[in-house]
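Please look at the sequence and the structure on the screen while I speak.

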Amino acid sequence: MAQPDTKKIFFENLSGAGKAIAVLTSGGDAQGMNAAVRAVVRMGTYVGAKVYFIREGYQGMVDGGENIIEATWESVSSMLQVGGTVIGSARCKDFRTHEGRLKAALNLVKLGITNLCVIGGDGSLTGANLFREEWSGLLAELVEQGSIERQSVETYSALHIVGMVGSIDNDFCGTDMTIGTDSALHRIIEVVDAIMTTAQSHQRTFVLEVMGRHCGYLALVSALACGADWVLIPEMPPEDGWEEKMCQKLSATRSRGTRLNIIIVAEGAIDRHGKPITSSIVKDLVVKCLGFDTRVTILGHVQRGGTPSAFDRILASRMGVEAVLALLETTANTPACVVSLSGNQSVRLPLMECVQMTQEVQKAMDEKKFEEAVKLRGRSFENNLKTYKLLAHRKPESELPVSNFNVAVLNVGAPAAGMNAAVRSAVRVGISEGHKMFAVSDGFEGFYKGQIKEIKWADVGGWTGQGGSLLGTKRTLPAKHVGKIAEQMRTHNINALLVIGGFEAFLSLLELLTARGKYEEFCVPMIMVPATVSNNIPGSDLSIGADTALNAITTTCDRIKQSASGTKRRVFIIETMGGYCGYLATVAGLAAGADAAYIYEEPFDIRDLQANVEHLTEKMKTSIQRGLVLRNENSNENYTTDFIYQLYSEEGKGVFDCRKNVLGHMQQGGAPSPFDRNFGTKISAKAMQWVTKKLVETFRQGRVFANTEDSCCLLGMRRRALVFQPVVQLKGETDFVHRIPKEQWWLKLRPLMKILAKYKTSYDVSDSGQLEHVVHHLPKDSDASVAM
């Protein structure tokens, strides 16, 4: 984290010197837009460019004057945690006219701006592309009018456009997630969780209407995240006769002892004939057919408001930096592009290809080609829909395949939010595939003690929103009790194991793999799904529970920083969990706007600490009022949280004072975030489908016998894909002493955090996005947005 590292990895052609970049937000607002604006301003300033705010979107560009002002480093301080867009957004009729765009061109040329970063939806980005195509003609017209000199046409000959999609609906094709979507899901799930408690008290049915006039993403994913009984979306209207089927489903759910029903309706929901299905229609139907006490809740603009989630802050920050890099690399022939994430990787996509595909979705819906509309939405949307149908609608016993296989599911290691969603998904997918599912309480400790019982479809109802581990989880490894566990496997005729947990789960599978030589009972398919707040599992970029912990840390940091507002300058030293893995400290630092984050993976000494204190002191004198320093709990055995607190307190005397906080187990608690609910649900469903496939492959002569390396796997997310990896092959990638992978993708985010905190550092542009075509940007067999 030391300041003296002044080396830049930007090549000459990536220098921003002499360039002017303007950033604007247009169309509807979305949480996270401010994080994107902040990143554009700070990265632009870092590379030596002039950066301008354009206030009130395209209207500000047309009106000019004080609507276009130069931005400074300090002008974007304290923006990260603010919802909406502080530079304003407006829908602009003037920009749709030629005269309006002529005025806008003049206002940009006056300030020498030829690089535009547009944050908005497909309409805003289409407008930007049209502006770019007309640019040379507009300049020629301005010369004829005498508004600009002829030399200006040569100096400002090309307008470069890079877009970031800010839309809570996630309705833009080619991108996994648009800025604001995750935060909107947070708002929806907060409401659903609150409603479920009152619905249960009164045995009520609730119909929730969420945004999504043309896209059902919010409705679909929130239904998946809360286990809703029914969902209605515009892309896939229900079959004729849906009214009777829905009422039968609600009635069947109640007959199994459930005290409530949740129905989620997208505001643009329609039937097969294009007739709107409103929340009031659904309510009247339930009351008329079933007589259930039914209420309607329309969430409205609540979904747009509030503070952005950790995911949206990180997404927007990464995309803001990527947008500046893309602008620096553009030439006169480079098409306007959109920057986005695919899995964990930055991508750049031709803007108009994305817009055209987005328009094709609407065209397919208008032509009632609903299957095609779902496919055009992308693999993630399609998988969400398949998973929802699989988990929400139970097939009659007569339609279920009969496999005669017994599959056990257990949690191992520390609890992580989202574990219960993963268990629910595994149980229901397993039952749908014809297996008999068994739940093991308290991990391998419960296994050897015989705490194993069959678990049914209804037993896991309502589990998605529960934090912790309802099965119970322990850190106990199986090696000491391997004989007793083999006996229990034999007694219950367990044919496959699904282990959901952290580093102990990984070690457990390695031990069971070794035990195959002595006990044939372990010659069965075994698979692990990573679930730990530390995100320290080899073979996976993400773990269930890490997003919830990040949100807990980020929210707490926001509150801690706010506690110092109006007081004298103050620095907060905050200790995070993670063992030796610095993921939480680093990524929460990026999301909360930390000035430094100390981790084990990046060794530091007293000189680095001193440089950080001096850097923070300088910033405190000139601009900021509050500082934030994060420290991973095991980052250094000598430079403890207390030591760093005392050092900062002593060296900052007269400039700032210090406070320290150890966040502790609050990072492990709470209801799982929408991201973790969906990640747990989808990855666990895929794991169970792998189990079914392996059971069929390894069933010979009346029994299951699996003793190959690829029958004991970890299912993890690698860059853009979900990958099954034999655990034995992951041994070489693992630092067993410190319980971390030897290589970790998120370390590439650290320079980004430092740059946004005003440090001079190197930035590796080798991992920045390359321009790809939208139809090809997903690998054939991947599910890039496995989580969402």
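Predicted model: local features only at pLDDT ≥ 70, side-chain atom pairs only at ≥ 80, totals over all residues.

Just after helix α7, Gly227 takes a positive phi of about 70°. Helices here (H or I, at least four residues) and strands (E, at least two) are DSSP runs, numbered from the N terminus. Residues are numbered from 1 along each chain as its sequence is written, and side-chain values use heavy atoms, with hydrogens and water left out.

Let us stay with α7, residues 217–226. Is this helix enclosed or open? Because 10 of its 10 residues are buried, α7 is largely enclosed by the rest of the structure. Buried means under 20% relative accessible area, exposed means over 50%, and partly exposed lies in between, with a 1.4 Å probe and protein chains only. Among the buried residues of α7 are Tyr217, Leu220, Ser222 and Cys226. What do these buried residues pack against? Their partners are α6 (181–202), β6 (205–210), β7 (230–232), β8 (261–266), α13 (379–392) and α22 (674–698). Contact, here and later, means heavy atoms within 4.5 Å.

Strand β6 is mostly covered, with 6 of its 6 residues buried. In a regular strand the side chains alternate between the two faces of the sheet. In β6, Thr205, Val207 and Glu209 point one way, Phe206, Leu208 and Val210 point the other way, and all are buried. Two strands pair if DSSP finds at least two bridges between them. β6 pairs with β8 in the parallel sense over 6 bridges, and Val210 has Ala266 of β8 as its bridge partner. β6 also pairs with strand β9 (residues 294–298), again in the parallel sense, over 5 bridges; there, the partner of Leu208 is Thr297.

I turn next to strand β1, residues 20–25. Since 6 of its 6 residues are buried, β1 is largely enclosed by the rest of the structure. Both faces are covered: Ala20, Ala22 and Leu24 are buried on one side, and Ile21, Val23 and Thr25 on the other. β1 is paired in the parallel sense with strand β2 (residues 50–54) over 5 bridges. From β1 the chain passes through helix α1 (residues 33–46) to β2, in a right-handed β-α-β crossover. Right-handed means that, with the strands pointing away from the viewer, the path from the first strand over the helix to the second runs clockwise. β1 also runs parallel to strand β4 (residues 115–120), joined to it by 5 bridges. Ala22 takes part in both pairings: its bridge partner is Tyr52 in β2 and Leu116 in β4.

Within β1, please find Val23. At 0% relative accessibility, Val23 counts as buried. Which residues does Val23 touch, leaving aside those up to four places away in sequence? They are Val37, Val40, Tyr52, Phe53, Ile54, Ile87, Cys117 and Ile119. Val23 and Ile54 are 31 residues apart in sequence, and 6.1 Å apart in space from C-alpha to C-alpha.

My next topic is a pair of helices. The axes of α10 (residues 310–329) and α19 (residues 583–592) come within 8 Å and cross at roughly 80°. That makes α10 roughly perpendicular to α19. Angles of 65 to 115 degrees count as roughly perpendicular, under 35 as roughly parallel, over 145 as roughly antiparallel, and the rest as oblique. Axes are lines fitted to C-alpha atoms, for helices over the stretch in contact, and angles run from 0 to 180 degrees between N-to-C directions. Ala310, Arg313, Ile314 and Ser317 in α10 meet Val587, Leu590, Ala591 and Ala592 in α19.

Finally, α19 lies across β18, β19 and β20, and runs at about 165° to β20. These strands belong to an open sheet of 4 strands in the order β19-β20-β18-β21, with parallel pairing. Its edge strands, each pairing on one side only, are β19 (596–598) and β21 (657–662). The twist averages 20° from one strand to the next. Strand β18 (residues 570–576) is joined to strand β20 (residues 626–632) by 7 bridges, and Val571 has Gly627 in β20 as its bridge partner.
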